[in-house]
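Please keep the sequence and structure in view while reading.

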Amino acid sequence: MTEATAKQPALPVTQAERKLAKAVERANQAFTEKNLRFTKLRQDVFEEIAATHASIGAYDILAKLAEKGTRLAPISVYRAIDALLEAGVIHRLESKNAFFACRRMDHRTGRRPIFLSCENCNAVQEVDSEGIFDTIDRLARDASFQPRVKFVEVSGLCRNCQSKKD
Ligand SMILES: [Zn+2]
Ligand SMILES: [Zn+2]
């Protein structure tokens, strides 16, 4: 539980806390829709991932939770991550073996995302373009290859990092 979801709405909350509370609410909804349980552990892990605004590895999640007094076995965190992936509320960046919160929530219906991953600050954006996946599927099939592309990762520099480097 964050302050933002506590029982005292009069408490001043920062915009970041409000955003996080919204993300948690959406995640909770996604779990309910799939008849999965959004347990305390899953919520704790999700909050760490959603709070970073970038991608984060499982061991960093463990470390952050430990700082807050929640000591967990790595396997518990991995299981929570698996559940979050299954519910579609987080994604995995294959190239970094790191996770980030889905901020779109509109492609759970089967649309496949393109992940734009910043090499400098680890921020991740998602964009959609079924056309790219159609092209990959077609080219792969032309090469007698059975494609199983769920997403495409593109690494580079985000807007913030581009302006810093100018
Ligand atoms: Zn997403
Ligand atoms: Zn960046």
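Predicted model: local features only at pLDDT ≥ 70, side-chain atom pairs only at ≥ 80, totals over all residues.

Residues are numbered from 1 along each chain as its sequence is written, while chains are lettered from A and ligands numbered from 1 in the order in which they are written. Helices (H or I, at least four residues) and strands (E, at least two) are DSSP runs, numbered from the N terminus.

**Helix pair**

- Helix α3 (residues 58–67) and helix α4 (residues 74–87) have axes that come within 10 Å and cross at roughly 115°; axes are lines fitted to C-alpha atoms, for helices over the stretch in contact, and angles run from 0 to 180 degrees between N-to-C directions.
- The two helices, α3 and α4, are therefore roughly perpendicular to each other (65 to 115 degrees).
- A58, I61 and L62 of α3 meet P74, V77, Y78 and I81 of α4, where contact requires C-beta atoms, placed from the backbone, within 7 Å.
- The contact of α3 with α4 has seven nonpolar, no polar and no charged residues (Ala, Val, Leu, Ile, Met, Phe, Trp, Tyr, Cys and Pro count as nonpolar, Asp, Glu, Lys and Arg as charged, and the others, Gly among them, as polar).

**Hairpin**

- Strands β1 (residues 90–93) and β2 (residues 98–101) run antiparallel and are joined by four bridges; strands pair if DSSP finds at least two bridges between them.
- Opposite I90 stands A101 in β2.
- Four residues lie between the strands of this hairpin, and N97 takes a positive phi near 50°.

**Open sheet**

- Three strands form an open sheet in the order β4-β3-β5, with mixed pairing.
- β4 (124–128) and β5 (152–156) are at the edges with a single partner strand each, so one side of each is left without a neighbour in the sheet.
- On average, neighbouring strands of this sheet are turned by 25° against each other, direction ignored.
- Five bridges pair β3 (residues 113–118) with β5 in the parallel sense, and V152 in β5 is the bridge partner of I114.

**C102**

- C102 sits in the loop between β2 and β3.
- C102 is buried, with 24 other C-beta atoms within 10 Å (20 or more count as buried, 12 or fewer as exposed, and in between as partly exposed; C-beta atoms are placed from the backbone).
- Not counting residues up to four places away in sequence, C102 touches G88, V89, I90 and H91.
- A23 is 79 residues from C102 in sequence, and 8.9 Å from C102 in space, C-alpha to C-alpha.

Notes. Parallel < 35°, antiparallel > 145°, perpendicular 65-115°, else oblique. Contact = placed C-beta atoms within 7 Å.
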